[in-house]
Amino acid sequence: MRRLTPHDTGAGYDGLAALWDSDAFPRDNGIAAHRRALAFLTPPEGGRQRRALDVGCGSSGRIIDLLLAEGFTAEGVDVSARMVDLARHRHPDVMIHLADVCAWPLPHRYDFISAWDSIWHVPLPAQEPLLRKLLGALTPGGVCIFTLGGLDTPEEKTDSAMGPLMYYATLGIPRTLAVLAEVGCVCRHLEYDQLPEPHAYLIAQRL
């Protein structure tokens with residue numbers, strides 16, 4: 001099986017960007033889960049402005065809309081040039097970065113990080129370093145929500161379910177939970193939200 005490069009993944013999503021930007025895209029996708037994750041945050045001390053990052057932000061803008069409505073200074077990052085173009089048009093006042101998040105130096109520490117249906121496209125050997133990087137960028141008490149394949153062991157695959165050939169991988173639930181503990185985070189919520197599909201999301205909080 002060939003692992004796709006970030007360029008391959010970006011090119012695949014270039015072809016989906018217009019659909020993600022249209023009314024046909026379900027704008028409630030993942031929003032209830034994000035509201036659950038946001039509920040674990042406590043108000044910042046001294047009225048400090050909270051920062052949030054949407055990893056694999058895409059062009060729909062729905063998660064950034066939620067973060068802005070909750071009072072965050074929001075940023076997005078995506079590997080698809082077309083997704084980024086549309087995201088910048090939708091949110092001209094929000095910093096949207098065109099970058100491979102694995103190689104991109106995170107510019108800030110964040111109170112909230114979302115990686116919804118995104119980091120599982122990262123090649124399996126790079127997933128644990130990326131997860132450590134994102135969790136390590138959380139402020140104390142900060143929260144990260146991300147999706148993963150809810151399997152017991154690391155696995156990877158490619159398929160064309162969305163049209164373009166895409167690569168997917170997961171560390172598996174046991175290793176993911178171990179990484180959380182190793183970097184000083186705790187799992188606040190883990191849910192299989194699309195059964196019988198093994199699609200799961202996890203809410204982690206930095207201690």
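**Figure 1. Surroundings of Thr9 in the predicted model.** Once its neighbours within four places in sequence are set aside, Thr9 is in contact with Leu4, Val79, His121 and Met166. The residue belongs to helix H1, which covers residues 6–14, and this model, from which every view below is also taken, is a predicted one. Thr9 has a relative accessible area of 8% and is therefore buried, since the limit for that class is under 20%. His7 is likewise found in helix H1, but with a relative accessible area of 64% His7 is exposed.

**Figure 2. The chain as a whole, as the setting for the close-ups.** Seven helices and nine strands are assigned in the chain, and its C-alpha trace spans about 50 × 40 × 30 Å along the principal axes. Of the 207 residues, 49% count as buried. Among the contacts with a separation of 6 or more, 66% are accounted for by residues 24 or more positions apart.

**Figure 3. Helix H4 and what covers it.** Within helix H4, which runs over residues 62–69, the buried residues are Arg62, Ile63, Ile64, Leu66 and Leu67. An α-helix has 3.6 residues a turn, so residues three or four places apart point the same way. The elements that cover the buried residues of H4 include helix H3 (31–38) together with strand E1 (51–55), strand E2 (73–78), strand E3 (95–98) and strand E4 (110–115). Just after H4 comes Gly71, whose phi is positive, at about 90°.

**Figure 4. Packing of helix H3 against helix H4.** Two packed helices are described by the angle between their axes and the distance between the axes. For H3 and H4 the angle is about 35° and the axes are 11 Å apart, and the crossing in which H3 passes H4 is right-handed. On the side of H3 the contact is made by Ile31, His34, Arg35 and Leu38, while H4 contributes Arg62, Ile63, Leu66 and Leu67. Sorted by class, the residues of this contact are five nonpolar, one polar and two charged.

**Figure 5. Packing of helix H6 against helix H7.** Helix H6 (residues 124–136) packs with helix H7 (residues 173–182) at an angle of about 40°, and their axes are 10 Å apart. The two helices are therefore oblique to each other, and their crossing is right-handed. Glu128, Leu131, Arg132 and Leu135 make the contact from H6, where they meet Arg175, Thr176, Val179, Leu180 and Glu182 of H7. The residues of the contact between H6 and H7 comprise four nonpolar, one polar and four charged.

**Figure 6. Two residues of the loop between E4 and H6.** Val122 is found in the loop that lies between E4 and H6, and with a relative accessible area of 9% this residue is buried. When neighbours within four places in sequence are left aside, the contacts of Val122 are with Cys102, Gln127, Leu130, Tyr167 and Ala169. Val84, for its part, is 38 residues from Val122 in sequence and 18 Å from it in space, C-alpha to C-alpha. Asp117 is also placed in the loop between E4 and H6, where its relative accessible area of 23% makes this residue partly exposed. The phi of Asp117 is near 55°, which is a positive value in a residue other than glycine.

**Figure 7. The cis peptide bond at Pro196.** Most residues other than glycine have a negative phi, and most peptide bonds are trans. The bond that joins Leu195 and Pro196 is a cis peptide bond, with an omega of about 10°. Pro196 is located in the loop between strand E8, which covers 185–192, and strand E9, which covers 199–206.

Key: Residues are numbered from 1 along each chain as its sequence is written. This is a predicted model: local features need pLDDT of at least 70, side-chain atom pairs count only at pLDDT 80 or more; totals for chains, interfaces and linings use all residues. Side-chain values use heavy atoms; hydrogens and water are left out. Buried means under 20% relative accessible area, exposed over 50%, partly exposed in between (1.4 Å probe, protein chains only). Helices (H or I, at least four residues) and strands (E, at least two) are DSSP runs, numbered from the N terminus. Contact means heavy atoms within 4.5 Å. Axes are lines fitted to C-alpha atoms, for helices over the stretch in contact, and angles run from 0 to 180 degrees between N-to-C directions. Angles under 35 degrees count as roughly parallel, over 145 as roughly antiparallel, 65 to 115 as roughly perpendicular and the rest as oblique. A crossing is left-handed if the near helix is turned anticlockwise from the far one by less than a right angle, and right-handed if clockwise. Ala, Val, Leu, Ile, Met, Phe, Trp, Tyr, Cys and Pro count as nonpolar, Asp, Glu, Lys and Arg as charged, and the others, Gly among them, as polar.
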